[in-house]
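Here is a friendly briefing to read alongside the model. Keep the sequence and the 3D view open as you go.

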Amino acid sequence: QPTLFDFNEYSLDYYDYTDAAWYLGPRDGTDRSLVGPYVDFNGLNDYIVTATTPVLVEGRFVGIAGVDLSVDKVERRLVSVRRALADDDFRGEVTIVNDVDRIVASTSAQHIAGSLLRAADVGRHPIPGVSWSIAVVG
C-alpha cells in the first residue's frame, strides 16, 4: 500500500525529504549515494538501505532517483553471491560495511546488520563508485 507523506511545511507531520542524507548527497554532487542501514519509520518500518543518484536536466540538478532496499533481501543476495565466489580473497564470511564501519549486510550470524564491525585486521575490498566496502572476516 502506498505511503502518504505530509509535505505541508506548517503541519506537525511535515516530511522534509530535502534534509535527508539520501537527498543531500546527490544534490551536493555525489554520483551514487548509499545511506543506511536504518529503520525507515516514515515509510516501510523495515531495516533498509537507500540508494540514490542525482537527476540532472541540461546539467542542472532537478531531483533524485532512488530505491529503498530491504537489508534482509540484500543479505539473501549476498549469501548467494558468496557461494559463487571461488577467489581466495573471499574465503571466510563476507560483510558489506558502510563508510563508518556499520555492517549493512553479512553472511555471518556473528556480524549482524546495523552493528559496528570491530575487527581491525579484516580483508577489505572497496566497492567502486561508493564509500562502502566488502570485508572478509573469519
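Predicted model: local features only at pLDDT ≥ 70, side-chain atom pairs only at ≥ 80, totals over all residues.

Residues are numbered from 1 along each chain as its sequence is written, and side-chain values use heavy atoms, with hydrogens and water left out.

**Nonpolar cores**

- The largest nonpolar core has 9 residues: V49, V71, L78, V94, I96, V104, A105, A113 and W132. A nonpolar core here is a set of buried Ala, Val, Leu, Ile, Met, Phe, Trp, Tyr and Cys residues joined through side-chain atoms within 4.5 Å.
- Helix 2 (71-84), strand 4 (93-97) and strand 5 (103-106) each give at least two residues to this core. Helices (H or I, at least four residues) and strands (E, at least two) are DSSP runs, numbered from the N terminus.
- There is also a second, separate core of 6 residues, and among them are I103, V122, A135 and V137.
- As background, nonpolar side chains in soluble globular proteins tend to be buried together.
- V71, from the largest core, touches P37, Y47, I48, V49, V104 and A113, leaving out residues up to four places away in sequence. Contact means heavy atoms within 4.5 Å.

**L78 in helix 2**

- L78 lies in helix 2 and is buried, with a relative accessible area of 10%. Buried means under 20% relative accessible area, exposed over 50%, and partly exposed in between (1.4 Å probe, protein chains only).
- With residues up to four places away in sequence not counted, L78 touches V94, I96, A105, S106 and T107.
- L78 and A105 are 27 residues apart in sequence, and their C-alpha atoms are 7.5 Å apart in space.

**Aromatic residues**

- The structure holds 6 aromatic pairs. Rings of Phe, Tyr and Trp (its six-membered ring) pair if their centres lie within 6.5 Å; planes under 30 degrees apart count as stacked, over 60 as edge-to-face and the rest as tilted.
- One of these pairs is F7 with Y17, which is edge-to-face at 6.0 Å centre to centre, with 90 degrees between the planes. F7 and Y17 are both in the segment before helix 1, 10 residues apart.
- Y17 also pairs edge-to-face with Y23, at 5.4 Å centre to centre and 75 degrees between the planes.
- Y17 is partly exposed, with a relative accessible area of 34%, whereas Y23 is buried at 12%.
- F5, F7, Y15, Y17, Y23 and F61 form one aromatic cluster.
- On the surface, F5, F7, Y14 and Y17 form a nonpolar patch with about 380 Å² of accessible area together. Patches are made of residues with over 30% relative accessible area and no salt bridge, with like charges joined within 9 Å and nonpolar side chains (Val, Leu, Ile, Met, Phe, Trp, Tyr) within 5 Å.
- Accessible areas come from the Shrake-Rupley method with a 1.4 Å probe, and for residues only the protein chains shown count as cover. A salt bridge is a side-chain nitrogen of Lys or Arg within 4 Å of a carboxyl oxygen of Asp or Glu.

**Backbone points to check**

- The peptide bond from G36 to P37 is cis, with omega near 5 degrees, and P37 lies in strand 1 (residues 33-39).
- E58 has a positive phi of about 50 degrees although it is not a glycine. E58 sits in the loop between strand 2 (47-57) and strand 3 (60-70) and is exposed, with a relative accessible area of 83%.
- D101, another non-glycine residue, has a positive phi of about 65 degrees. D101 is in the loop between strand 4 and strand 5 and counts as partly exposed at 26% relative accessibility.

**Two buried strand residues**

- T95 is in strand 4 and counts as buried at 0% relative accessibility. Leaving aside neighbours within four places in sequence, T95 is in contact with I103, A105, S106, H111, L117, S133, I134, A135 and V137.
- S33 is found in strand 1 and counts as buried at 9% relative accessibility. Not counting residues up to four places away in sequence, S33 touches A21, W22, P26, T50, A51 and T52.
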